[in-house]
Amino acid sequence: MQFHHHGYVSGDPRIQPAAGTGIDRPAELPDEVDVLIVGSGPAGMLLAAQMSQFPQVTTRLIEKRDGRLVLGQADGIQPRSVETFQAFGFADRITAEAYNIGWMNFWAPDPAAPERIVRTTRTEDYALKISEFPHLIVNQARVLDYFAEAAAHGPARIVPDYGVEFLGLTVRADDVEVRVKDASGERTVRAKYVAGCDGARSGVRQAIGRTHAGAAAQHAWGVMDVLVETDFPDWRIKCAINAAAGNILHIPREGGYLSRMYIDLGEVADDDDHRVRRTPLEEIIRRANEILHPYSIDVKQVAWHSVYEVGHRVTDQFVDDLDNPRVFLTGDACHTHSAKAGQGMNVSMQDGFNLGWKLGHVLTGLAPTDLLRTYDAERRPVAQQLIDFDREWSSLMARKPGEITDPDELSTYYLATAEFPSGFMTQYGPSPIIGADAAQELASGFPVGKRFKSVEVVRVCDGNPVHLGHHARADGRWRLYAFADADGTALRKWAEAARGIVERFTPAGADLDAVFDAKAVYPGRWEDVTDVPALFRPRSGPLGLTDLEKVFAATPSAWTTADIFAERGIGATGAVVVVRPDQYVAHVLPLSEPQALERFLDGATAPALAAPQAAPTPA
């Protein structure tokens, strides 16, 4: 990470200086805010962390609980989420305390003795085959803690307003009137925008009249986080267990001892009226032992348990008004499903990431309000894909042995569909912030609409290998990755024109890279890169220090064998890859036509009508 550009820092560099609304932030919830976040789940806390990077915006988060979540229900962290944690600055720390899924084992009835289970298949987990990020298991409460830290340490100093209950809202012409209740009683808060991150029983969803459509799958599961003594040989490996007595999805948890078990409780009768939810813990444990035979578990402690019926529901609309949205739904408030595919928390966080930078840009004048229309258009199809995937996975998990014709079908499906559960299949369609793919062949490995897939490069200023995408932080900035042509001539011409374009969309007096973080990647050796356009060496901060960490080379060094040009299909003519603040590729453009960048930005952002930069870098 970079720091010291505002002066010497001797303390924790992760704590950014307070600015704007973060200076003397009032302890009490104000009567008027720009953004009101309802609920401190994964989507809400990520949204707060993102909005903390926009200190010009007054953002508050209300939560009816009295304090932080202690027992998180979700625990699966997919590679895309770890990539997101990297952008918020805590991937390494949370990975160190999490359980890393390296394998998944499959168990089935022994053909010679069907009442016993035997291991049938062992597969490597999909994560590191398709990404540099792992597949983790960690308590949701810890994920929220890390996002809370990022929000509190951001310039806006956002901390949750605990003990505040959402009662209802009324959408008006220019704002939203929100009724809340706190220790002092009922009151009204006016907000320009409201984000409903308040779970499956969302009061915000009900208040805007949206319908949660779908149905239960008539199948119940018990789930428990347990500390046990057991002779089951794969206790510290993720397992899908199919037995004559039912099914178990077994997931080791962080810390070396704790594990989560999803135990099949069977079909639910039409007239059950949710009585299955009252299944005693002792019965769940008995079922687990019956399924595990000839192995057993001796449960020493249960940290948490529940019973749920599989349901698949998607809200008909994720906003109050498609043309002029003021209220947004995220996470379980707009999509619910089973827990066994490990998608709920992960998809919810991407809802928050998608929405956060858009609100920040609209409220700071960097984008037109039309940008907010893209939230529903982008996230609702992803939710439907999630429901379709989870329905298939849940039905496969719930089969009885007699219904299985191919014993390897579940493991085959697990690996064949890896891109979706890992979080990398999402591809947004054309919109004002996703361009056409007419020039896709210039960088075929960076598909327009999909997340920017990082590759190691060599940083020119010091010769160190770094992942190009890891340099980007969730700071609300766009990224412009300019891949040089063979001799750098086209790159230089593009950079000279692009600087004027960047200045046009940058607020007066701000750093040249305040909105657009432009980086250059050369195909040659890092030692040979010397003549770099000023766009890629801007001055930043009040001291006007030159940023030397925006220039990279692709030729393999003693430390890395990667070649980003070869791995991402970038040819001798080079290319420009435009990446949104939420890490999705917005466009691929030729170096020969800088005006194409300006045309795209005219539709995606708002010109700032900037004056010349306060401290221009010499050409």
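Tutor: Strand β21 (residues 478–483) and β26 run antiparallel and are joined by five bridges. Strands here are DSSP runs of type E with at least two residues, helices are runs of H or I with at least four residues, and both are numbered from the N terminus. Two strands pair if DSSP finds at least two bridges between them. This is a predicted model, in which local features need pLDDT of at least 70 and side-chain atom pairs count only at pLDDT 80 or more, while totals for chains, interfaces and linings use all residues. Residues are numbered from 1 along each chain as its sequence is written, and side-chain values use heavy atoms, with hydrogens and water left out.

In general, strands of a sheet pair through backbone hydrogen bonds, either parallel or antiparallel.

Strand β26 (residues 575–579) is mostly covered, with five of its five residues buried; buried means under 20% relative accessible area, exposed over 50%, and partly exposed in between, with a 1.4 Å probe and protein chains only. A575, V577 and V579 point one way from the strand, V576 and V578 point the other way, and all are buried.

The nonpolar cores give the wider setting. A nonpolar core is a set of buried Ala, Val, Leu, Ile, Met, Phe, Trp, Tyr and Cys residues joined through side-chain atoms within 4.5 Å. The largest has 111 residues, of which F147, W494 and F536 touch the most other members. A second, separate core of 33 residues includes V347, L386, A562 and V577, and V577 is a residue of β26. Returning to F536, its contacts (heavy atoms within 4.5 Å) include A482, L491, W494, K519, D547 and K550, leaving aside neighbours within four places in sequence.

Charged residues also belong to this picture. D475, R477, R479, D513, D517, K519, D547 and K550 are linked in a network of salt bridges, each being a side-chain nitrogen of Lys or Arg within 4 Å of a carboxyl oxygen of Asp or Glu. R477 lies in the loop between β20 (465–467) and β21, and D517 in strand β22 (residues 516–522), so the pair ties together parts that are 40 residues apart in sequence. Both R477 and D517 are buried.

Another salt bridge joins R504 to E598, with the closest N and O atoms 2.9 Å apart. R504 belongs to helix α11 (residues 489–504) and E598 to helix α13 (residues 594–604), so this pair links distant parts of the chain, 94 residues apart. R504 is partly exposed at 28% relative accessibility, and E598 is likewise partly exposed at 25%. In total, the structure holds 51 salt bridges.
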